[in-house]
Amino acid sequence: MLETISNFWSQTGFALLAADWKMIAMIAIAFVLAYLAIVKKFEPLLLLPISFGMLLTNLPGAGMFHEEFFAGGHVHWDMLKAGGGLLDYLYLGVKLGIYPCLIFIGVGAGTDFEPLLANPKTLLLGAAAQIGIFIVFILSKVLGFTGAEAGAIGIIGGADGPTAIYTAIRLAPQLLGPIAVAAYSYMALVPVIQPPIMRALTTEKERQIVMKPLRKVSKTEKIIFPFVVTTFVAMLVPSAAPLIGCLMLGNLLHVTGVADRLDKTAQNGLMNTVTIFLGVCVGATATANTFLSLNTIKIMAMGIFAFGCGSAGGVLLAKFMNLFLKEKINPLIGSAGVSAVPMAARVSQKEGQKANPGNFLLMHAMGPNVAGVIGSAIAAGVMLALFGMA
């Protein structure tokens, strides 16, 4: 009887857990992320599935995800066919780049490019905010990461979760877990990270600048825009075509007004379904051996530095542009050039109203905010093209 009980106990997850402190640590981290999502409401739509996926993959003996099936950046179909876990099969949507692109269709359907079209100058602010990507790319190389890994880490600075994931699975799949967690964690911390940077780089007088109301954009302009952007970006950086194409397809479904059912599906049913699968699968890659390493600490540190540099880049370019513009730009909208839509734009609005209660910057800030989505996708395409992994 005692031998039977002993054999049974040795096969339970409790016994396996007691033998590996790393699994205990990862389960604890999963609980912390779940707490941040549920209680603090930090990006709960994705952080909650990520935390639960992290829990599932680190439950000893469950066999829901096997890193070795995807070792070396390739899908080992023979091993997968022999018998995989639930998350192994769902992860194929991440590995093959399907989920991020589908999410971009939903993002496009829910994005209004009118503020950008009404004030095209804000496109420059969205471009300037991508400087954090390239600064951290160089820094990552200095710290010993390969070019491909550095490119994937740098994309965190764009504050665009799906783009960061899409880039990581092609350039550095072994770093997907830390990169995804860093990207979405810092997106959730926009209201904490950005205000000190914005106040440090601007004067009280600059923060009080009132911008004129935006002009009305015609429906024709809105319809032509997705075609022009898709064609131009795909010709300039072919590697960015999948992300930009899906983003603009979703926007086209919305602005034409002739595909309401598809528009609503893209914004709701499709977006929500894929978000669940993407989050759980990304969390599943955060296994103990991969996540608990010095590289993870480096990635988390460089991620927040990239995000800060991107926020600063947009503000500083707005200040530079004001040297030549008759109608001044409130530099606070420059920080919205990162892709955290619409949270970064709301932070610009909030900081602007602190300086001038009658100041309304939200729609102005949405210009660089949506430009940042395009900019981060282009930056990702550049990284993919540079390292031949498109």
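How many aromatic pairs does the count come to? Seven, if rings of Phe, Tyr and Trp (its six-membered ring) pair when their centres lie within 6.5 Å. Bear in mind that this is a predicted model, where local features need pLDDT of at least 70 and side-chain atom pairs count only at pLDDT 80 or more, while totals for chains, interfaces and linings use all residues. Residues are numbered from 1 along each chain as its sequence is written, and side-chain values use heavy atoms, with hydrogens and water left out.

Start with Phe 65 and Tyr 91: their ring centres are 5.3 Å apart and their planes sit at 75°, so the pair is edge-to-face (planes over 60 degrees apart; under 30 is stacked, the rest tilted). Phe 65 is in the loop between H4 and helix H5 (77–82) and Tyr 91 in helix H6 (residues 86–95), so the contact ties together parts 26 residues apart in sequence. Helices here are DSSP runs (H or I, at least four residues), numbered from the N terminus. Phe 65 is buried at 12% relative accessibility, and Tyr 91 is buried at 3%; buried means under 20% relative accessible area, exposed over 50%, and partly exposed in between, with a 1.4 Å probe and protein chains only.

Now look at Phe 137 and Phe 387, a tilted pair with 6.0 Å centre to centre and 55° between the planes. Phe 137 belongs to helix H10 (residues 131–142) and Phe 387 to the segment after H22, 250 residues apart. Phe 137 is buried at 17%, whereas Phe 387 is partly exposed at 27%.

Key: Helix = DSSP H or I, 4+ residues; strand = E, 2+ residues; numbered from the N terminus.
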